[in-house]
Amino acid sequence: MSLMYTIKKVLDPLAAREEEARRRRQRESVPDQNGDDHRFRCRVCGFVSDQWEYCPHCLADTMNQVPP
Ligand SMILES: [Zn+2]
């Protein structure tokens, strides 16, 4: 936390709160990788891929479709 941010928060609490919310949104937003909605995640290791047959890490049929 920078000193400037602290001063800004004291002087202008509304703007600081908006900035904080904006930062939180950026942090939580998941980058849209390629716009493809057919994505699958391994339920064991969490590996995300566009193939559903098997997880290349676990070498098993553990892929579940990721909801859009
Ligand atoms: Zn896996």
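Modeller: Start with helix 2, residues 13–28. At 1.5 Å a residue, its 16 residues should span 22 Å, and its end C-alpha atoms are 22 Å apart, so the two agree. The expected span is 1.5 Å times one less than the number of residues. Helices (H or I, at least four residues) and strands (E, at least two) are DSSP runs, numbered from the N terminus.

Biologist: What kind of model is it, and how are residues numbered?

Modeller: This is a predicted model: local features need pLDDT of at least 70, side-chain atom pairs count only at pLDDT 80 or more, and totals for chains, interfaces and linings use all residues. Residues are numbered from 1 along each chain as its sequence is written.

Biologist: Where is confidence lowest, and where is it highest?

Modeller: Helix 1 (residues 3–11) is lowest in the protein, with a mean of 76. Strand 1 is highest, at 95. The protein's average pLDDT is 83, and 87% of the residues score at least 70. pLDDT is the predictor's confidence in each residue, from 0 to 100.

Biologist: Back to helix 2. How many of its residues are buried?

Modeller: The count is 0 among 16, so helix 2 is hardly covered. Buried means 20 or more other C-beta atoms within 10 Å of the residue's own; exposed means 12 or fewer, and partly exposed is in between, with C-beta atoms placed from the backbone. Of the protein's 68 residues, 3% count as buried.

Biologist: What's the overall pattern along the sequence?

Modeller: It reads α-α-β-β-β. That is 2 helices and 3 strands.

Biologist: And the sheet, what order are its strands in?

Modeller: The order is 2-1-3, in an open sheet with antiparallel pairing. Strands 2 and 3 stand at the edges with a single partner strand each, so one side of each has no neighbour in the sheet. Two strands pair if DSSP finds at least two bridges between them. Strand 1 (residues 40–42) and strand 3 have 3 bridges. Phe40 stands opposite Gln65 in strand 3.

Biologist: What does Arg41 touch?

Modeller: Leaving out residues up to four places away in sequence, Arg41 touches Gly46, Phe47, Val48, Met63, Asn64 and Val66. Contact means C-beta atoms, placed from the backbone, within 7 Å. Arg41 is in strand 1. It is partly exposed, because 17 other C-beta atoms lie within 10 Å.

Biologist: New topic. What is the phi of Leu59?

Modeller: It is positive, about 55°, although Leu59 is not a glycine. Most residues other than glycine have a negative phi.

Biologist: Where is Leu59 found? Buried or exposed?

Modeller: Leu59 is in the loop between strand 2 (48–49) and strand 3 (63–65). Leu59 is exposed, because 8 other C-beta atoms lie within 10 Å.

Note on methods: Contact = placed C-beta atoms within 7 Å.
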